[in-house]
Amino acid sequence: MTKKILHWLSSNRYSGAENVAISIIRHLSNEYEFAYMSPAGPIERILLENGIKYFPLNKPSFRDAEAVLKSWKPDLIHAHDFRASIDSARSRYRCTRISHIHQNPPWIKGINPKTWVYLLSCMRTQGVILVSPQILREASFAKLIRDKVTVLSNFVDTQRVVRESKFEDNCMSYDLLFVGRLTEVKDPVFFLSIVKELRRTIPNIQAALVGGGKLLEYCKLASLEMGIHKNVDIYGELSNPFPIMANSRLLLITSKYEGFGLVAVEAMALGKPVIAKPVGGLIDIIDGTNGELCSDTGQFVAAITRALMDPKYYSYMSNNAMLTASRYADVHQWKSILRSIYEGALAERNNGTNGW
């Protein structure tokens, strides 16, 4: 009988973790029966477009989630990130559980109530997936659950990225691009401050900011106050950012922390060098040949200026960016590892070797 797997997420919008969950469902749907559960919201449209069974929760309600589990009866819960993983472990429903961590927030480095609660939830979890080696290196709890951990980088469908980048051919051209949720963690205001600084030496610098979130209106106001509103186009959330990405020269990632850094590999698939802060999985993706890691405004400005002003250097980084992206495009290996995680976790629980 085909095993039923429920992807449990605590966000109702489309971002990195949601992208990964949908990708797993799309690529393994001929082997498992999947469903997706999250608070109701904009994610529903994307799930419907992909033909994915969806259980919307009116609120991030534990009681509503319990009702879904009892009615659909999954064999395995694939919980994404900390909140869903903890809620999954709290459930009385008896099944196999996997925790998939896409984030690398600063609090995981220390011993505190949050790390203790997550560590306790792992007692009822048969497997833990981390999206980058950096999370394994930094997480204070990693050694205590090492026997359950698999480091699995995200699969990036580079062919899809290239294909969707050609859906529009009338996009504006930009020197710099930001793509991500407009939240404090992603720090789009720092991106704007970099544009402001660059404008001193490159008055005609052109940048685009793509993403939705609570800081959208604040970013619009900030660009006006910084006097760079004519240098920055703010698009808000786009279902397909790849045409703009294809028409931009550099991608900037200004996040305060990252898990994997999916958008970096997507940009590299289009030959775009990435200049980013040295956080999370970006440390393992960006190596100096395909972009630069920068810690402050001065370093960002210097790296951007060199890339924009030196055609040979830009071409060198662009070619290496595409080579880097190809390392994350092996769908067969990615599927094989996921399959082994699922089957190993199911067998472990069935043998009664783990779980409450």
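A crossing of two helices is left-handed if the near helix is turned anticlockwise from the far one by less than a right angle. In this predicted model, helix H4 passes helix H5 in a left-handed crossing. H4 spans residues 81-90, and H5 spans residues 113-121. The two helices pack at an angle of about 50°, and their axes are 9 Å apart. On the H4 side, the meeting residues are Phe82, Ser85, Ile86 and Ala89. Their counterparts in H5 are Val117, Tyr118 and Ser121. An α-helix has 3.6 residues a turn, so residues three or four places apart point the same way.

Helix H8 covers residues 188-198 and helix H9 covers residues 216-225. Their axes come within 10 Å and cross at roughly 20°. Because angles under 35 degrees count as roughly parallel, H8 is roughly parallel to H9. H8 contributes Pro188, Val189 and Leu192 to the contact. H9 contributes Tyr218, Cys219, Ala222 and Ser223. The crossing of H8 over H9 is right-handed.

Attention then turned to the sheet. Strands of a sheet pair through backbone hydrogen bonds, either parallel or antiparallel. Here six strands form an open sheet, and the pairing is parallel. The strand order is E10-E9-E8-E11-E12-E13. Strand E10 (232-236) and strand E13 (291-293) stand at the edges. Each has a single partner strand, so one side of each is left without a neighbour in the sheet. On average, neighbouring strands are turned by 20° against each other, direction ignored.

Strand E8 lies between E9 and E11 in this order. E8 comprises residues 174-179 and pairs with strand E9 (residues 207-210) in the parallel sense over four bridges. In one of these pairings, leucine 176 has alanine 207 of E9 as its bridge partner. E8 also pairs with E11, again in the parallel sense, over three bridges. Tyrosine 174 stands opposite serine 248 in E11. E8 is mostly covered, with six of its six residues buried.

Valine 179 belongs to E8. Not counting residues up to four places away in sequence, valine 179 touches Val210, Pro241, Met245, Leu251 and Val263. The C-alpha atoms of valine 179 and isoleucine 253 are separated by 7.9 Å. Along the chain, valine 179 and isoleucine 253 are 74 residues apart.

Helix H11 (residues 262-269) packs on the sheet. H11 touches E8, strand E11 (248-253) and strand E12 (274-276). The direction of H11 makes about 165° with that of E11. H11 is mostly covered, and eight of its eight residues are buried. The buried residues are Leu262, Val263, Ala264, Val265, Glu266, Ala267, Met268 and Ala269. Just after H11, glycine 271 takes a positive phi of about 80°.

Histidine 102 sits in the loop between strand E5 (96-101) and helix H5. Buried means under 20% relative accessible area. At 9% relative accessibility, histidine 102 therefore counts as buried. The side chain of histidine 102 makes a polar contact with the side chain of histidine 80, at 2.9 Å. Leaving aside neighbours within four places in sequence, histidine 102 is in contact with Ala17, Val20, His80, Asp81, Val131, Gly259 and Phe260.

Aspartate 81, one of the contacts of histidine 102, is found in helix H4. With 11% relative accessibility, aspartate 81 also counts as buried. Most residues other than glycine have a negative phi. Aspartate 81, although not a glycine, has a positive phi of about 70°. Lysine 73 is not a glycine either, and has a positive phi of about 55°. Lysine 73 is found in the loop between helix H3 (62-72) and strand E4 (76-80).

Notes:
Residues numbered from 1 in each chain as written. Heavy atoms only, no water. Pairing = 2+ DSSP bridges. Axes fitted to C-alpha atoms, helices over the stretch in contact; angles between N-to-C directions. Contact = heavy atoms within 4.5 Å. Buried < 20%, exposed > 50% of the residue type's maximum accessible area, 1.4 Å probe, protein only. Polar contact = N/O pair within 3.5 Å; in protein donor to acceptor, adjacent residues only side chain to side chain. Parallel < 35°, antiparallel > 145°, perpendicular 65-115°, else oblique.
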